Amino acid sequence: MRKRSSNITENTLVHSPLSSSPVPLAVNNHPMQTRAKSGISKKKQWHDAMASEFAALQRQSTWSLVPPSPDQHVICCHWVFKLKRNPDGSVARYKARLVAKGNHQIPGIDFDETFSPVVKPATVRLMLSIAAQHQWSLRQLDVSNAFLHGSLKECVYMRQPPGFVDTASPSHVCFLHKSIYGLRQTPRAWFEKFSSHLLTIGFIASQADPSLFLYNMALLFCFCFFMWMISSSQAILPQLLLS
C-alpha cells in the first residue's frame, strides 16, 4: 500500500487537548502563488469600476433625485461585475454596470411597450452576399453603452445605487430620464432613439425589415447595439460615421 505524501512541516507543532503529545500543524507548502498569499485584493479595482460607471451615468443626466411619495412605484437596482479580457486571456479591465431590477416593474405604471425590432437573419445573409459579390466596403460598429442613450416616456423611479447614496438627500429616489440596463423598455427606447437619428440625417427605413436603413449608396442594418454598414463608395462611409 502506497503511502500518501504530506505537506505538513515537522517543525510546526501544536498541543491537542485530547493528547499530551504535540500534533503537527498543517501548513500549505504548495508552490502555487495565489492572490491571498501575495496580499493582493481586487476591492480597489471593482470600486474604481463602479465609480467610473456612476460618473458616466451622471454625465448623461440619467436621473434626478426627487423626494419620495406614496404614489411612486420605486424599483431597486444592483451592480453587475464582469472581467473584460484580452485575446491572450489576461485581464483588460474591470467592468461594473448598474442594472435596474426590471422584474419589479408593473405594466401600465412604469412600462408599456417593450418590443424592439432586430434585423432578420435573411437580411444579414442578403446584405453580406451583396457586399461580397460586388466587393463593397463593409464596416462593423459597436456603440458603447448604447442602452444608456434611450429616452424614457414613462415615469420610472429607482432607488439610489448601492454605495453611491447622496449624503445630502439619502432618502430621495432617482427619477429616470434615460433608460438603463435592466429596464423592460430599454431596448425599445434605444432603437427609437437610434432610428430617429438615422432618419434625420437622410436614411430611409426599409419596408421589408424595420432594422434595415437605406442611404443613397449605403445600407445599414442593426442588431441591438451592433451595426453593420456596407457601401459601394468607400468615401461615403467616413462621412456617415462622423454624422
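Biologist: How should I read the accessibility of Cys174: does this residue count as buried or exposed?

Modeller: Buried means under 20% relative accessible area, exposed means over 50%, and partly exposed lies in between, with a 1.4 Å probe and protein chains only. At 1% relative accessibility, Cys174 therefore counts as buried, and Cys77, at 9%, counts as buried as well. Please keep in mind that this is a predicted model, in which local features need pLDDT of at least 70 and side-chain atom pairs count only at pLDDT 80 or more, while totals for chains, interfaces and linings use all residues. Residues are numbered from 1 along each chain as its sequence is written, and side-chain values use heavy atoms, with hydrogens and water left out.

Biologist: How many disulfides does the rule give?

Modeller: In general, a disulfide is a covalent bond between the sulfur atoms of two cysteines. The rule asks for a pair of cysteine sulfur atoms within 2.5 Å, and the count here comes to zero. For Cys77, the closest cysteine sulfur belongs to Cys174 and is 6.9 Å away, which is too far for a bond.

Biologist: Which way do strands E5 and E6 run relative to each other, parallel or antiparallel?

Modeller: Strands (E, at least two residues) and helices (H or I, at least four) are DSSP runs numbered from the N terminus, and two strands pair if DSSP finds at least two bridges between them. Strand E5 (residues 77–85) and strand E6 (residues 91–100) run antiparallel and are joined by nine bridges, with Phe81 standing opposite Ala96 in E6. Five residues lie between the strands of this hairpin, where Gly89 takes a positive phi near 95°.

Biologist: What span does helix H4 reach, and which of its residues are buried?

Modeller: The expected span of a helix is 1.5 Å times one less than its number of residues. H4, with 15 residues, reaches 22 Å from its first C-alpha to its last, close to the expected 21 Å. An α-helix has 3.6 residues a turn, so residues three or four places apart point the same way. The buried residues of H4 include Trp190, Phe194 and Leu198, and what covers the buried residues of this helix includes strand E11 (212–215), E12 and E13. Just after H4, Gly202 takes a positive phi of about 110°.

Biologist: Which residues touch the most other members of the largest nonpolar core?

Modeller: A nonpolar core is a set of buried Ala, Val, Leu, Ile, Met, Phe, Trp, Tyr and Cys residues joined through side-chain atoms within 4.5 Å. The largest one holds 38 residues, among which Trp63, Met158, Leu183 and Leu220 touch the most other members. At least two residues of this core come from each of several elements, including helix H2 (43–59), E5, E6, H4 and strand E13 (226–231). Leu220 is placed in strand E12 (residues 218–223) and counts as buried because its relative accessibility is 2%. With contact taken as heavy atoms within 4.5 Å, and residues up to four places away in sequence not counted, Leu220 touches Phe194, Leu198 and Trp228, among others.

Biologist: Where is Gln185 found, and what does its side chain contact?

Modeller: A polar contact is a pair of N or O atoms within 3.5 Å; within protein, one must be able to donate a hydrogen and the other to accept it, and residues adjacent in sequence count only if both atoms are side-chain atoms. Gln185 is found in the loop between strand E9 (173–176) and helix H4 (186–200), and its side chain makes such a contact with the side chain of Gln105, at 3.1 Å. Gln185 is buried, since its relative accessible area is 3%.
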